Amino acid sequence: MNSLFGKTIVVAGATGGIGEGVTKRLLQHGAKVVALGRNEDKLEQLRVYLSSSVDTNNLITLQVNLDQGQEGSREVYDKLKERFGYLDGAVVAIGTWGEANRRLIDVSDELWEQAIQDNLTSHFRTLRTLVPLLKTDGALIHLSGLSADSPYPGAGLIGLTNAAKKSLVLTMAAEQDSNGPRIYELIIGPIRTRERVARGVARANWYDPEDLGGFMSELIQGDTEAAQKPLHYMIQRGS
Ligand SMILES: NC(=O)c1ccc[n+]([C@@H]2O[C@H](COP(=O)([O-])OP(=O)(O)OC[C@H]3O[C@@H](n4cnc5c(N)ncnc54)[C@H](OP(=O)(O)O)[C@@H]3O)[C@@H](O)[C@H]2O)c1
């Protein structure tokens, strides 16, 4: 269980349904986890939730907005670097469904711009800040949905931003030289978040957020065959 002992890992989007479970599993594996979110109340709720099931001595919650222009990004970079130094790992589990539930032909200019901002520009800015913070043997893992690979009728804004995020992350991975940090794209199917379990809509063969955290631990450690490849899929148990 202590496979990440001594490692410092940032989780962007730690207050989300996936981020909280990933944070929990990384703490269970012995990492120091810096949980980032934009909302102080949600960060406090995260701490309360985790305190009931895991040792939170190694949990640091930090209110930070990673979705900023170059000047703001530089300030965030400096703040994280000064406080934590170079990182062993980073997980990017941000994103917003927003009002994506419509056919592309019905998407307004405003909605289009918002979706690109929330689900693509914000991810680019987050990677632009976090990748230079990684140790050369560190690793960043980014999440995208399965619609990165195939049409998603009725929610095309989500699908097309997933496809673009997949390209963004794999390109950044390819742009690292052989001594640079490792960058991974993890494509996921529907996840058994706490909120879905509580609503009774989570299926048994969906992965739990903690399962994602377990696989991420393996990638961050970097000594398995899987860690040699930048693209991974966790769609459904057994698939
Ligand atoms: N859940 C699934 O089944 C599933 C399946 C496929 C793909 N995904 C993708 O996985 C990611 C996380 O999903 P989730 O279910 O955990 O979502 P969620 O519960 O809605 O959480 C989203 C998290 O992202 C953060 N966030 C949103 N927009 C941000 C921005 N512009 N800048 C910084 N942080 C931002 C939120 O943080 P704040 O506290 O700061 O608001 C929140 O912590 C999303 O991209 C989602 O599309 C999820």
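This note covers the ligand site and the helix packing of a predicted model.

1. Basis of the values. Residues are numbered from 1 along each chain as its sequence is written, and side-chain values use heavy atoms, with hydrogens and water left out. As the model is predicted, local features need pLDDT of at least 70 and side-chain atom pairs count only at pLDDT 80 or more, whereas totals for chains, interfaces and linings use all residues.

2. Ligand shell. The ligand is surrounded by 21 residues, each having a heavy atom within 4 Å of it. The closest are Thr-15, Gly-17, Arg-38, Ile-94 and Arg-196. By class, the shell holds six nonpolar, ten polar and five charged residues. Here Ala, Val, Leu, Ile, Met, Phe, Trp, Tyr, Cys and Pro count as nonpolar, Asp, Glu, Lys and Arg as charged, and the others, Gly among them, as polar.

3. Backbone atoms at the ligand. A backbone N or O atom of Ile-94 lies 2.6 Å from a ligand oxygen atom. For Ile-18, a backbone N or O atom is 2.9 Å from an oxygen atom of the ligand, and a polar backbone atom of Ile-191 is likewise 2.9 Å from a ligand oxygen. The protein covers 82% of the 900 Å² of accessible area that the ligand has on its own (Shrake-Rupley method, 1.4 Å probe).

4. Helices H1 and H7. The axes of H1 (residues 17-28) and H7 (residues 209-221) come within 7 Å and cross at roughly 50°. H1 is therefore oblique to H7 (angles under 35 degrees count as roughly parallel, over 145 as roughly antiparallel, 65 to 115 as roughly perpendicular and the rest as oblique). Their crossing is right-handed, that is, the near helix is turned clockwise from the far one by less than a right angle.

5. Helices H3, H4 and H5. The axes of H3 (residues 70-84) and H4 (residues 109-130) come within 9 Å, crossing at roughly 40°; the two helices are therefore oblique to each other. The axes of H4 and H5 (residues 156-175) come within 10 Å and cross at roughly 20°, so H4 and H5 are roughly parallel. H4 crosses H3 in a right-handed manner and also passes H5 in a right-handed crossing.

Conventions: A polar contact is a pair of N or O atoms within 3.5 Å; within protein, one must be able to donate a hydrogen and the other to accept it, and residues adjacent in sequence count only if both atoms are side-chain atoms. Axes are lines fitted to C-alpha atoms, for helices over the stretch in contact, and angles run from 0 to 180 degrees between N-to-C directions. Helices (H or I, at least four residues) and strands (E, at least two) are DSSP runs, numbered from the N terminus.
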